[in-house]
Amino acid sequence: MVSVSHVVEGIIKRRPYLSESLAAGIINVSSLARQLQPEVEKALQREVNTGAIVMALNRLAPYLQVRDQVQLNKLLSNMGDIILRSNLCDYTFKNSSTLLDCHIEVLKHLSKGDEVFYTMVQGVFETNLVISDVVSDLVNEFFREETCLFEQQGLSSVTLKLPKGNSMQAGFYYTIMKALSWEGINLTEVISSTNEFTVVVDNSLIDRTFVVLKNIGK
C-alpha cells in the first residue's frame, strides 16, 4: 500500500528547488504541506490530513540533506577544465529553406587552422549562431538574404567540461543556473552538449561569470 510518506517523497524528488529548500530548513513546512495536499490526495485517492504531510516532510528533510547533497557535491567537485572565449557575436535568423545552405557556405570558407568559435542551434522557428567576430563578415555575406531577428556583439563565453553522469543527477543544471542567477548574471545564450555546458554573456559580466562557475564545486 502506498503511504503518504512515499507520495510526498516522490513529489519532492521531482522538484529540486523544493528538495534543496527543505534540506536547508529555509521553507515553511506547514505552508508547503497545504500546497502539496491536493496532489497527495489525488495520488492516494483519499483525503489526507495536513499534519500527516507535515510529518512526512519533517522526516524527509534530514535524508534529503545527506543523500542529494553528497551526490550533487561529488559531481560538482569533479568539474573539468573551464574554457573562456572572447570577441564573440550572436545572431538569430528566421528559419528558411535556404538557411542551412548559408551555414554550409560559411563553414567551407573557414580555414582549418583557424581556432574560431562557431556554434549553430536550429530551433523550430529560428536558428541561432554564436561565432567569433572574425567570422562575422562571412555571416553577413552569406546570410544577407536571410531574415535576421537579433544581433549582438561584444560577448564572451565560459565553457564547463562536465563530469560523466551529470545528466542522471536531478538538480545538476539547476545548481549552475541558480548560482549565476543569484549573482544577477544575465545570460545571452546557453549552449549545451552531453559533456559541455557553455554560457554566453556580455563582456562586462565575464569576470563575475568565471568566478561563479570556478567556485561552484566548492
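**Overall architecture and backbone features of the predicted model**

The protein chain comprises 8 helices and 6 strands. The coordinates come from a predicted model. Along the sequence, the elements are arranged in the order α-α-α-α-β-α-β-β-α-β-α-β-β-α. The radius of gyration is 23 Å, well over the 17 Å given by the globule rule for 218 residues, so the protein chain is more spread out than a compact globule. Along the principal axes, the C-alpha atoms occupy a box of roughly 65 × 40 × 30 Å.

Buried positions make up 41% of the 218 residues of the protein chain. Among contacts with a separation of 6 or more, 74% are formed by residues 24 or more positions apart. The accessible surface amounts to about 12,700 Å², and carbon and sulfur atoms contribute 51% of this area. The charged side chains number 20 positive and 24 negative, with 13 Å between the centres of the two sets.

Most residues other than glycine have a negative phi. Two residues with positive phi are described here. Gln 45, a residue other than glycine, has a phi near 60 degrees. Gln 45 is located in the loop that connects α3 (29-44) with α4 (50-76). Gln 45 counts as exposed because its relative accessibility, 73%, is over 50%. Asn 87, likewise not a glycine, has a positive phi of about 55 degrees. Asn 87 is part of strand β1, which spans residues 82-94. With a relative accessibility of 45%, Asn 87 falls between the 20% and 50% limits and therefore counts as partly exposed.

Technical notes
Residues numbered from 1 in each chain as written. Predicted model: local features only at pLDDT ≥ 70, side-chain atom pairs only at ≥ 80, totals over all residues. Heavy atoms only, no water. Helix = DSSP H or I, 4+ residues; strand = E, 2+ residues; numbered from the N terminus. Rg over C-alpha atoms; globule rule 2.2 N^0.38 Å. Buried < 20%, exposed > 50% of the residue type's maximum accessible area, 1.4 Å probe, protein only. Contact = heavy atoms within 4.5 Å. Areas by Shrake-Rupley, 256 points an atom, 1.4 Å probe, with all protein chains shown as cover. Lys, Arg positive; Asp, Glu negative; His and termini not counted. Charge placed at Lys NZ, Arg CZ, Asp CG, Glu CD.
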